Amino acid sequence: MKFAIATLAASISLATSAQAVTTVTFEAAGAQTTSVALTTAIETFDTQPTGNPVTTVNTSFNAIGVSAVFSTTQILAADQYGGAGGTGNQVTVRDTGDLVIDFTGTPLTYFGVWASALDAANTVSFYKGGNLLSSTNLTAFALPGGYNGNPTTLFFGQNGGENYAFFNFLVSETYDRVVLSQNGGGGFELDNVTIGTAAVPEPATWAMLIAGFGLVGAVARRRNAAVAA
């Protein structure tokens, strides 16, 4: 495998009646980009204007035939809380708010993001045609100690009480909207937003996906049994 496997049960945090499954993995400690083998496009925000709020049409995804609009967010210079490499810009969702990204063009099944200074309010949700496919709280994953603190050279080890990790999301249905939410005080710091259409998974990943579908089926059976009772 090219990346560490996150706890599967936590990756299926919420699904619609269509039972869309979102499989979540995280990269090795300190990694700030994906190692998943697929065609991707990445937004670093380094050429975007800073300010609050910012609504910008993202053009960096055109290489794979995708346009995106980022709505209601804040773009800041890198600091101890975020900004890949410790330089350039980062995106921050403050207090109780959402960063909504609407996509058009090539259908997407993969989403990646370097999420830094994680707290319990940080969630990532996927939608298609206005319908919720899945929603995942990033602190549901028990990241090892190596993920604590800022891994960049300039801010190395700072903010050691919070985790920094690059997350990969593989959605079983294509999505056209991602909502990154901060539900309470503090902020949700993000960088290196990566999109794509996933390639055929490696054999070990297939095993994980099969287990995931089995888990969803088990949940559905329990719900049906409860209704029957």
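Reader: What should I know before starting?

Author: This is a predicted model, in which local features need pLDDT of at least 70 and side-chain atom pairs count only at pLDDT 80 or more, while totals for chains, interfaces and linings use all residues. Residues are numbered from 1 along each chain as its sequence is written, and side-chain values use heavy atoms, with hydrogens and water left out.

Reader: What is the mean pLDDT of the protein?

Author: pLDDT is the predictor's confidence in each residue, from 0 to 100. Here the mean is 79, and 74% of the residues reach 70 or more. Residues 1-17 stay under 50, and the model has 52 contacts for them beyond four places in sequence; a contact means heavy atoms within 4.5 Å. Residues 200-229 are also below 50, with 27 contacts beyond near neighbours in sequence.

Reader: How many helices and strands does the protein have?

Author: Helices (H or I, at least four residues) and strands (E, at least two) are DSSP runs, numbered from the N terminus. This protein has 2 helices and 11 strands. Along the sequence they follow the pattern β-α-β-β-β-β-β-β-β-β-β-β-α. Of the contacts with a separation of 6 or more, 74% are between residues 24 or more positions apart.

Reader: What percentage of the residues is buried?

Author: Buried means under 20% relative accessible area, exposed over 50%, and partly exposed in between (1.4 Å probe, protein chains only). Of the 229 residues in the protein, 48% are buried.

Reader: Is Asn-163 buried or exposed?

Author: Asn-163 counts as buried because its relative accessibility is 18%. It is found in the loop between β9 (131-137) and β10 (165-175). Leaving aside neighbours within four places in sequence, Asn-163 is in contact with residues including Ala-115, Leu-118 and Tyr-147. For another loop, take Ser-35, placed between β2 and β3 (39-43). Ser-35 counts as partly exposed, at 26% relative accessibility.

Reader: Which residues have the most contacts inside the largest nonpolar core?

Author: A nonpolar core is a set of buried Ala, Val, Leu, Ile, Met, Phe, Trp, Tyr and Cys residues joined through side-chain atoms within 4.5 Å. The largest one has 39 residues, and those with the most contacts inside it are Phe-103, Phe-111, Phe-167, Tyr-175 and Ile-195. Among the elements that give two or more residues to this core are β5 (66-77), β6 (89-105), β7 (108-116) and β11 (177-197). The largest share, 6 residues, comes from β11. Apart from this core lies another, of 7 residues, among them Tyr-110, Trp-114, Ala-117 and Tyr-164.

Reader: How many salt bridges are there?

Author: Side chains of opposite charge can pair when their charged atoms come close. A salt bridge is a side-chain nitrogen of Lys or Arg within 4 Å of a carboxyl oxygen of Asp or Glu. By this rule there are 2. One joins Arg-94 and Glu-189, at 3.8 Å from N to O. This pair links distant parts of the chain, with Arg-94 in strand β6 and Glu-189 in strand β11, 95 residues apart. Arg-94 is partly exposed, at 37%, whereas Glu-189 is buried, at 4%.

Reader: Where do Arg-177 and Asp-102 lie?

Author: The side chains of Arg-177 and Asp-102 meet in a salt bridge of 2.5 Å, N to O. Arg-177 lies in strand β11 and Asp-102 in strand β6, so the pair ties together parts 75 residues apart in sequence.

Reader: How many aromatic pairs does the structure hold?

Author: A pair of aromatic rings is described by the distance of the centres and the angle of the planes. Rings of Phe, Tyr and Trp (its six-membered ring) pair if their centres lie within 6.5 Å; planes under 30 degrees apart count as stacked, over 60 as edge-to-face and the rest as tilted. The structure holds 13 such pairs. Phe-111 and Phe-169 form a tilted pair, 6.2 Å centre to centre with 50 degrees between the planes. Phe-111 is in strand β7 and Phe-169 in strand β10, and both are buried.
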